[in-house]
Amino acid sequence: MNLHRIKLRDADLLYHPNYFSAEKSGFLMKHLLEQINWKQQKIKLFGNEIKQPRLTALFGDSGKSYTYSGLKLAPSPFLENLLFIKEHIEKNFEMNFNTCFANLYRDGSDSMGWHADDEKELGKNPVIASVSFGAERVFQLKHKYDKTHKFKLSLEPGSVLIMAGTTQSFWKHQLPKTKKKIGPRINLTFRNII
């Protein structure tokens with residue numbers, strides 16, 4: 001595998017830039033765009049209710065609801081293409097996941113703000129596999145306690161980024177807006193809800 005270990009303090013990150021071929025990535029992007037019932041959810045931010053600047057959907061095993069920013073989501077059953085991606089990653093990385101949180105960034109004005117995936121449902125030191133299809137976007141990380149530690153990575157279509165160990169305890173990440181004219185991007189984050 002074309003796997004890169006990203007060396008950051010207090011983090012365990014693996015990046016595979018072309019995990020899925022260009023042809024397979026294009027196929028999966030097209031079908032997931034059509035098959036997923038994308039929704040723009042409202043979340044609470046600093047006491048105000050706002051629309052998220054992206055569309056989302058949650059898939060997973062029955063009873064594995066997910067709560068973040070004052071929003072509680074119940075999962076839909078896994079679609080066939082999501083199961084294919086999940087099982088492919090589980091086999092090759094020797095991991096197991098029961099949930100997929102899907103994000104659709106329609107263009108450069110859609111984004112995700114600074115956060116850590118440290119909700120109690122994910123347990124201590126969660127493992128998250130982040131899969132990207134569509135437009136390439138910049139993914140940024142910053143250390144929670146040492147402002148001098150920052151990192152950015154262009155997430156290519158067909159790529160997989162594994163975040164494990166103490167990454168969520170010590171780092172925040174975001175997908176910022178861009179003024180570049182770019183097409184849509186789908187990001188699938190496979191995780192385990194306990």
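This is a predicted model: local features need pLDDT of at least 70, side-chain atom pairs count only at pLDDT 80 or more; totals for chains, interfaces and linings use all residues.
Buried here means under 20% relative accessible area.

**Aspartate 110**

Aspartate 110 has a relative accessible area of 4%, so it counts as buried. You'll find this residue in the loop that links strand S8 (99-105) to strand S9 (112-115). What does aspartate 110 touch, once its neighbours within four places in sequence are set aside? The contacts are Pro53, Arg54, Leu104, Tyr105, Arg137 and Lys177. Arg54 turns up again in the pockets below, as one of the residues nearest the centre of the largest pocket.

**Strand S8 and its sheet**

S8 belongs to an open sheet of 7 strands, ordered S1-S2-S13-S10-S15-S8-S5, with antiparallel pairing. Which strands stand at the edges? They are strand S1 (4-6) and S5, and each has a single partner strand, so one side of each is left without a neighbour in the sheet. On average, and ignoring direction, neighbouring strands of this sheet are turned by 20 degrees against each other. Helix H2 (residues 80-93) packs on the sheet and touches S5, S8, strand S10 (128-134), strand S13 (160-164) and S15. The direction of H2 makes about 55 degrees with that of S15.

On one side, S8 pairs with S5 through 6 antiparallel bridges, and leucine 58 stands opposite phenylalanine 101 in S8. S8 also pairs with S15, again antiparallel, over 7 bridges, with alanine 102 opposite leucine 188 in S15.

**The S1 end**

Over at S1, 3 bridges join this strand to strand S2 (residues 12-16), and the two run antiparallel. Isoleucine 6 has leucine 13 in S2 as its bridge partner.

Is aspartate 12 buried or partly exposed? With 29% relative accessibility, it counts as partly exposed. Leaving aside neighbours within four places in sequence, aspartate 12 is in contact with Arg5, Ile162, Met163, Ala164, Gly165 and Thr167. Aspartate 12 and leucine 161 are 149 residues apart in sequence, yet their C-alpha atoms are 10 Å apart in space.

**Pockets**

| Pocket | Volume | Lining | Lining by class |
|---|---|---|---|
| Largest pocket | about 560 Å³ | 32 residues | 15 nonpolar, 11 polar and 6 charged residues |
| Second largest pocket | about 200 Å³ | 13 residues | 7 nonpolar, 5 polar and 1 charged residues |

In the largest pocket, Arg54, Tyr68, Met112, Gly113 and His115 lie nearest the centre. Strand S3 (42-45), strand S6 (66-68), S8, S9, strand S14 (171-175) and strand S15 (185-191) each supply at least two residues of that lining.

For the second largest pocket, the residues nearest the centre are Asn37, Lys39, Ala57, Leu58 and Ser76. Where does the largest share of this lining come from? It comes from strand S5 (residues 55-60), with 4 residues. Leu58 brings us back to the sheet, where leucine 58 stands opposite phenylalanine 101.

Key
Residues are numbered from 1 along each chain as its sequence is written. Side-chain values use heavy atoms; hydrogens and water are left out. Buried means under 20% relative accessible area, exposed over 50%, partly exposed in between (1.4 Å probe, protein chains only). Contact means heavy atoms within 4.5 Å. On a 1 Å grid over the protein atoms alone, a cavity is a set of points where a 1.4 Å probe fits but cannot get out, and a pocket is an open set with protein on both sides within 12 Å along at least five of seven lines; lining residues have an atom within 4 Å of a point. Grid points are joined across faces, edges and corners, and a volume is the space filled by probe spheres set on the points. Ala, Val, Leu, Ile, Met, Phe, Trp, Tyr, Cys and Pro count as nonpolar, Asp, Glu, Lys and Arg as charged, and the others, Gly among them, as polar. Two strands pair if DSSP finds at least two bridges between them. Axes are lines fitted to C-alpha atoms, for helices over the stretch in contact, and angles run from 0 to 180 degrees between N-to-C directions.
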